[in-house]
Amino acid sequence: MHVKPQQACVEGWRKELPPPVNILANQRRCNAKLRRRHVSTTDRGNQLDFVGCAVSTLANKASQSSHYLDTAQNFQSSQAIEMAPPAKTFTRDEVREHTTEDSLWCVIDSIVYDLSEFVMAHPGGESVLHQVAGQDATTAFYNLHRQEVLTKYADLAIGTIEGEKPQVIVPQPGDLSPVPYAEPLWLVQHFKNPYYSDSHRRLQKALREFTDKHLLPEAQECETTGRHISQDMIDLMSKKGILHMRLGPGKHLHGVDLLDGAVKGEEFDYFHDLIVAQEFSRTMTRGFQDGNMAGMTIGLTAVLNFAKDEAWKKTIADSVFSGKKKLCLAITEAFAGSDVAGLRTTAERTPDGKHFIVNGTKKWITNGTFCDYFVTGVRTGKGLSVLLIERGEGVETKPIKTSYSPAAGTSYVTFDNVKVPVENLLGEENKGIHVILSNFNHERWTMACGSIRVSRMIVEECLKWANQRLVFGKRLIDQPVIRQKLAKMISLVEANQSWLETVTYQMCHMPYKLQAQHLAGPIGLLKMSITRTAHELADEAVQIWGGRGLTQTGMGKHIEMFHRTYKFDSILGGAEEILGDLGVRQAVKNFPKAML
Ligand code: HEM
């Protein structure tokens, strides 16, 4: 039977790809021999690791891909290796002749694969491949693998079936997904939307391309290995104005070249900001996502808005926007999380009044392990203050192991008699709570943008899987119980995106002072609603995917990642309960005095 695989989509693939690279095929043969020898002396678990590394190594040798493909067993990027269309053609009768151990072929989506040398290294075992020898294995393949497996093992393809055209396309960088509900409605053909202009659409397109081409391969590799984001990537984002954009609208964007002119800094508003947050979340790498300058996003605004000396402010901002220095926000402590007022880190003035001496600890500081500057909440004489502390004598950071990737750089920070110039005070002494609170709305709103986009990716994954997975003789989606789950998931995501856009529209049009008064509550409730949605989705998605939803490699890897990490957003930036309470308390504040 010939099916249209759903993990990949639509038509017309592989048009602009380079010719086959012979060196790759030769390397494959050598490595396959090596693999045979190795595999026979190892257990299945080691074999899985070995296969990934061997293929990665030969991919590197053939210069098909960069350093992105080095160690990760299951790291695959549909953009990392481009495939060449096999030029040779075969008849199905010819394929049927290759059913022996020495010559084992099969057909997947009209492409002929020679699996003779791969069979012993196949992570799913040898016997399953012998069962499909000489046959069309399209249905069997897509029942068990992601499309990107074929991209990774493209060198096994030796030709196509005469007179047939592959149905599957590998999504190209920048493509919108054709899967229903996989994109927010404003990006779906025939749907109108009042909020987005041409400038938003230009930004979305440019960012999608940037993310797919540049960010995704690095994100996937870092997420798996725990490596921090590379300086090359930071430099590239700086050059493209992406670091500037991460802070949201403002003067810091004026005159900056944003993604080669896709949008003018002066016209950048909160819908542009929403697009940046949502497009970046599509890498489905929760730890890396935070490791990608999240500390700067939530911390640098305090410098821009509260530094007193313009020249000093410019020096700090320039060094961070250029990617030369990394900055993070250091507020939470073992003693105080959402309860900011409970901070215990102290800053005491020296007798000459020129410095503060800082002592204390900070916990869960995102990006802290690799940061140069710490925007730090401290206790001063009569209240809280905020200081920019530079890494130096007395400052130490230790990584904290969390349930997401060490790529986030989550750290425990100790300040031991650290001498900080008084010029590094941000805002007024003892009135630091205003500095800390000033960015909370934006921080929470950004998290809401990202979290809802990741939830949408989960809806897409579940729809595709339910459509292609065959159990009990039919597709999963043919089971009413699965359709009920999908209905709930889609509704929750769409409702939250609509609410997000309504709030974003207010942010674009409401003066900042009024925002503090009228939007803190709704943003708190919105974030709570979105993280509750993530909770429902994680639960339902694992039920739909079964064991694969709990497996870090293979088909269900995104579901597993989501289920393991969705809780971060319900804690960071204010716990769900605190934010819900804030929303209701703000409503009570605005309640009419007269009883109704
Ligand atoms: C070009 C052909 C094939 C390649 C390159 C290939 C590659 C892989 C890889 C890399 C995995 C590890 C899991 C993942 O990353 O998804 C895997 C697993 C597996 N493969 Fe294949 N495979 C091929 C064809 C087939 C066919 C035709 C069948 C079945 C008839 C099959 C059955 C399996 C099974 C049962 C697993 C284990 C799946 C699981 O643990 O959920 N494979 N294969």
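**Overall fold.** I started with burial: 55% of the 596 residues in the chain are buried, where buried means under 20% relative accessible area, exposed means over 50% and partly exposed is in between (1.4 Å probe, protein chains only). This is a predicted model, so I kept in mind that local features need pLDDT of at least 70, that side-chain atom pairs count only at pLDDT 80 or more, and that totals for chains, interfaces and linings use all residues. Residues are numbered from 1 along each chain as its sequence is written, and side-chain values use heavy atoms, with hydrogens and water left out.

I then noted 21 helices and 16 strands in the chain; helices (H or I, at least four residues) and strands (E, at least two) are DSSP runs, numbered from the N terminus. I also looked at contacts, meaning heavy atoms within 4.5 Å. Among contacts between residues at least 6 apart in sequence, 75% join residues at least 24 apart.

**The ligand shell.** Which residues are closest to the ligand? I found His122, Gly124, Leu129, His145 and Arg548, out of 22 residues that surround the ligand; a residue is near a molecule if one of its heavy atoms lies within 4 Å of it. By class, I wrote down 15 nonpolar, six polar and one charged residues in the shell. For these classes, Ala, Val, Leu, Ile, Met, Phe, Trp, Tyr, Cys and Pro count as nonpolar, Asp, Glu, Lys and Arg as charged, and the others, Gly among them, as polar. The helices α4 (127-131), α5 (138-142) and α6 (147-152) each supply at least two residues of the shell.

Next I checked polar contacts, pairs of N or O atoms within 3.5 Å; within protein, one must be able to donate a hydrogen and the other to accept it, and residues adjacent in sequence count only if both atoms are side-chain atoms. Histidine 122 has a polar side-chain atom 2.8 Å from a nitrogen atom of the ligand. For histidine 145, the distance from a polar side-chain atom to a ligand nitrogen is 2.7 Å. Arginine 548 places a side-chain N or O atom 2.9 Å from an oxygen atom of the ligand.

**Helix α10.** Is α10 enclosed or open to the outside? It is largely enclosed by the rest of the structure, because 12 of its 12 residues are buried. At the N-terminal end I found a cap: a side-chain oxygen of aspartate 269 lies 2.9 Å from the backbone nitrogen of phenylalanine 271.

**Phenylalanine 268.** I found this residue in the loop between β6 (263-264) and α10. Phenylalanine 268 has 4% relative accessibility, so it counts as buried.

**Arginine 208.** Where does this residue lie? I located it in helix α7 (residues 198-225). Its relative accessible area is 0%, so arginine 208 is buried. Its side chain reaches the backbone oxygen of aspartate 175 at 3.1 Å. Not counting residues up to four places away in sequence, arginine 208 also touches others, including Glu183, Glu279 and Arg453.

**Cysteines.** I counted zero disulfides, taking a disulfide as a pair of cysteine sulfur atoms within 2.5 Å. For cysteine 371, the nearest cysteine sulfur belongs to cysteine 328 and is 3.9 Å away. Cysteine 371 counts as buried because its relative accessibility is 1%.

**Positive phi.** Most residues other than glycine have a negative phi, so I looked for exceptions. Tyrosine 181 has a positive phi of about 70°, and I found it in the loop between β4 (157-161) and α7. At 38% relative accessibility, tyrosine 181 counts as partly exposed. Asparagine 367 has a phi near 75° and sits in the loop between β9 (355-365) and β10 (373-380). Asparagine 367 counts as buried, at 1% relative accessibility.
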